[in-house]
Structure formats: structure tokens, C-alpha cells
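I opened a notebook for this chain and wrote down what I looked up, one entry at a time.

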Amino acid sequence: MAKIWLSAPHLGTLEESYVREAIATNWVSTVGPNLEAFERSFSEIVGGLPCVALASGTAALHLGLKLLGVTRGDEVLCASLTFAASANPIVYEGAAPVFVDSERTSWNMDPDLVAEALEARAKKGKLPRAVVVVHLYGQSADLDRLERVCARYDVPILEDAAEALGTHYEGTQVGTRAPVSIFSFNGNKILTTSGGGMLVAKDRAMVDKARFWSTQAREPAVHYEHKEIGYNYRLSNVLAGIGRGQLAVLEDRVAARRAIAFRYRDAFADVAGLELMPQAPWGRHTNWLSVFLVDESAFGASRDEILAGLAKEDIEARPVWKPMHMQPVFASAACVGGAVAADLFARGICFPSSSNLAAEDQDRVIDVVRRVAKGKRRAAAAATAALPVGDAP
Ligand SMILES: *Cc1c(COP(=O)(O)O)cnc(C)c1O
């Protein structure tokens with residue numbers, strides 16, 4: 001039987017023709033009609049905001065932080081429960097991440113803890129340069145509250161919407177409210193360009209600046225004059241062709257991911273101790289990944305026993321992101337709270353969630369998970385029954 005992946009690419013019918021066109025017309029570098037069309041279509045998704053297509057979401061984060069003026073000696077608040085790419089670019093710029101714990105409602109950055117962190121730093125007279133808000137697993141953070149808190153201290157937000165294309169907050173796509181936002185088209189995301197990212201900003205001058213930096217900061221002179229340090233971060237026109245095709249199927253992919261998550265939820269409705277990640281009331285959670293929390297005593301087996309059971313059947317599943325404040329590389333970083341993210345990491349599991357996951361394959365996953373719990377309960381019951389009379393607890 002074929003391996004079942006956690007989150008595989010899922011191409012539509014248009015991507016190949018755009019890629020062919022790029023090759024046939026020789027637009028195979030970092031300029032061309034696919035890039036222009038990809039950015040134009042993406043802009044429509046983010047409410048008409050200007051955007052620039054980049055080589056990765058991480059590159060977009062890096063340039064986004066630079067746009068907000070993050071530099072050596074600064075602090076930047078960042079969600080602890082996220083992928084390392086949310087935090088690494090803070091360090092690229094010589095700044096220090098300060099991690100903030102999650103709230104239970106959405107698993108995203110806790111606005112009360114952000115307020116606490118900002119208040120403490122205001123008292124010391126040095127505010128963070130920015131706050132990286134992550135929309136985790138396709139669920140929006142509580143933007144109203146986070147914005148209110150950050151506005152009080154005039155600290156800008158950078159929305160890391162790498163996992164949140166198609167995610168809504170109060171009816172609108174996330175990554176459209178902060179001065180700078182980023183998206184990812186990595187191979188495991190809801191849409192892919194094989195690898196790629198997008199930077200979105202409110203201010204067109206910021207997007208122009210990011211585009212300039214992303215193409216080696218070449219001043220307009222034939223001899224390539226340089227007044228600033230640049231980067232080679234622009235997306236290829238070939239890959240933008242994949243992106244163009246992918247944008248056409250975004251709503252289908254969102255519907256498929258949500259259906260998969262709710263199918264797991266329904267299939268596990270009679271299984272104690274296995275609960276779908278909360279669906280916060282303020283938006284549309286794409287459920288980019290179907291994430292569940294395991295209560296070992298109710299379920300009868302641990303999260304790691306489920307992972308082992310799935311691995312044995314060649315099914316890829318993973319724990320929830322290991323929080324940044326628990327990562328060796330960030331051992332010396334400050335963290336506000338941390339117990340919630342640590343608990344979600346200890347008990348959280350991501351099930352196969354590809355939008356092209358076949359129903360039969362999802363049934364295989366469901367079967368294995370149910371068997372792990374039943375097997376453990378049967379073994380426990382047998383052990384109790386085997387106790388000699390008189391020794392029973
Ligand atoms: C994937 C991801 C990124 C990085 O995107 P790449 O395109 O892989 O560089 C950043 N932040 C989060 C939360 C992600 O999941």
C-alpha cells in the first residue's frame with residue numbers, strides 16, 4: 001500500500017500550461033508574465049493590497065521584519081507555538097525573539113500575555129520593534145484584541161499567514177490588516193509553487209522596497225550601483241506559473257481540508273479522549289492540518305503510541321509544532337508563559353490532511369487510530385484479569 005503523507009502538493013489542471021508557456025516563451029527567470037499575473041490574482045485575494053512574490057515564506061518574513069525596521073539589539077515578540085521559520089529571520093537581523101504563549105481558544109498568541117510583555121517593556125523604556133502574529137494550522141489569531149493591545153504601545157504587527165491562505169477573520173482573509181503580512185507556497189501548504197512566498201503590505205512603497213531588496217538591491221544604473229545590501233529572494237516566473245494555476249483552486253482546497261478535518265471529527269465522535277483543535281468563533285478555520293488533542297487516560301493510549309501505530313502502517317503523522325521556547329537553539333530567549341504551548345505539544349497530533357487524500361486512505365488512518373486505542377484497552381483489561389485473586393487493586 002502506498003505511503004500516506006501528512007500534507008502533499010495537489011496540483012490542478014492549469015499549472016502545467018502556465019509552466020509550458022514560460023518555457024516556450026523563454027520567460028524562465030525572475031521576470032515575466034506569470035509573476036505579474038500571479039501577483040495580480042493574489043492581490044485580489046488580499047483585498048487589493050500590493051504584494052511581491054518571493055522565493056519562500058521565510059524570505060518574505062525576513063524582508064518584512066526589515067521593512068518594520070527590525071535591527072541589531074531590538075526585541076521582537078513572536079508566538080512560541082509555531083514553525084521555526086517564524087522566529088529565525090528575527091535572528092538573521094541580529095534581534096532577539098521574545099516568545100509568547102498560546103491561548104486555548106485558538107492556540108494562537110495570547111493577547112493578555114502580549115499586553116503583559118508590552119507593559120513590562122514600556123516600564124523599562126524599551127518596546128519591541130514588532131510583534132509576529134502567527135495564524136496557526138489555518139486558524140486566525142484573535143486579531144481585534146491583538147491589534148488593540150499593540151496599538152496601545154504603537155508596536156506594529158507582522159502577520160505570519162504562511163499556514164493561513166483561505167483563513168478568514170470576521171469574514172476577511174487574514175494577512176490583510178497588519179502593515180506587513182506574509183504567506184508561504186511551500187510544498188506542504190494549502191497551495192504550493194513547489195517553494196515560494198508572498199509579502200503583502202498596506203503601503204505600496206514597502207512592497208516596492210521589498211521587491212528591490214529581493215533582486216539584489218540594484219540601483220537603476222547600467223553598471224549595477226549598490227547603496228544597500230540586497231538579497232536573491234525573487235520567485236521564478238516558472239514557479240509563478242504553478243502559483244497562477246493554484247490560485248484558481250483555492251476555495252476547492254479550503255473546502256477539501258475542512259471536510260477532511262470534520263470527517264475525522266465525526267469518525268472519532270464516539271472515541272473518548274480525542275478532540276479536534278478548537279474552531280474559534282471569529283473566523284473560517286481552513287484546518288490546513290487536521291490537528292487533534294489526545295487525552296491519554298480517556299483515550300487509552302498516548303499520542304506517541306498513536307504516532308507509532310500510524311508509522312508502522314506507513315502513514316505520516318506528526319506532533320504539534322515543538323514550541324520555540326523549548327527548542328535548544330532558543331534556550332536563552334525570553335518567554336512569556338509557555339505552559340499552554342507545552343501542553344499542546346505534549347498531546348497534539350496532526351493527521352494526514354492533504355486536500356487530495358482519498359476517502360479510502362483517510363479510512364485507513366481512522367482504522368489504525370481506533371485500533372491503537374482498542375488494542376491498549378484490551379491489553380490493560382487482560383493484565384487486570386490475569387492478576388491472581390486477592391492481588392487485585
Ligand atoms: C511554512 C511556514 C513558514 C515558512 O515558509 P517557507 O515558504 O517554507 O519558507 C513560516 N511560518 C510558518 C508558520 C510556516 O508554517
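**Entry 1: a leucine at the end of a helix.** I began with Leu-247, which counts as buried because its relative accessibility is 11%. Buried means under 20% relative accessible area, exposed means over 50%, and partly exposed is in between, with a 1.4 Å probe and only protein chains considered. Leu-247 is placed in helix H8, residues 237–247.

**Entry 2: what I am working with.** I note that this is a predicted model, in which local features need pLDDT of at least 70 and side-chain atom pairs count only at pLDDT 80 or more, whereas totals for chains, interfaces and linings use all residues. Residues are numbered from 1 along each chain as its sequence is written, and side-chain values use heavy atoms, with hydrogens and water left out.

**Entry 3: strand S5.** Which residues did I look up in this strand? Leu-158 is in strand S5, and so is Glu-159, the strand covering residues 157–160. Leu-158 is buried, because its relative accessible area is 0%.

A salt bridge here is a side-chain nitrogen of Lys or Arg within 4 Å of a carboxyl oxygen of Asp or Glu.

**Entry 4: salt bridges.** How many salt bridges does the rule give? The count comes to 21. One of them joins the side chains of Asp-343 and Arg-104, at 3.0 Å from N to O. This pair links distant parts of the chain, since Asp-343 is in helix H12 (residues 339–347) and Arg-104 is in the loop between strand S3 (96–100) and helix H5 (111–124), 239 residues apart. Arg-104 is partly exposed, because its relative accessible area is 44%.

Arg-370 and Asp-270 form another salt bridge, their closest N and O atoms being 2.9 Å apart. Arg-370 lies in helix H13 and Asp-270 in the loop between helix H9 (250–267) and strand S10 (274–276), so the pair ties together parts 100 residues apart in sequence. Arg-370 counts as partly exposed because its relative accessibility is 25%, while Asp-270 counts as exposed because its value is 57%.

I also wrote down the salt bridge of Arg-145 with Asp-142, whose closest N and O atoms are 3.5 Å apart. Asp-142 is buried, with a relative accessible area of 7%, whereas Arg-145 is partly exposed at 29%. Finally, Glu-39, Asp-208, Arg-211 and Arg-234 are linked in a network of salt bridges.

**Entry 5: two backbone angles and a loop.** Most residues other than glycine have a negative phi. Ser-194 has a positive phi near 85 degrees and is not a glycine; this residue is in the loop between strand S8 (180–184) and strand S9 (197–201). Tyr-224, again not a glycine, has a positive phi of about 60 degrees, and is found in the loop between helix H7 (204–214) and H8.

Is Tyr-233 buried or exposed? Tyr-233 lies in the loop between H7 and H8, and is buried because its relative accessible area is 18%.

Note on methods: Helix = DSSP H or I, 4+ residues; strand = E, 2+ residues; numbered from the N terminus.
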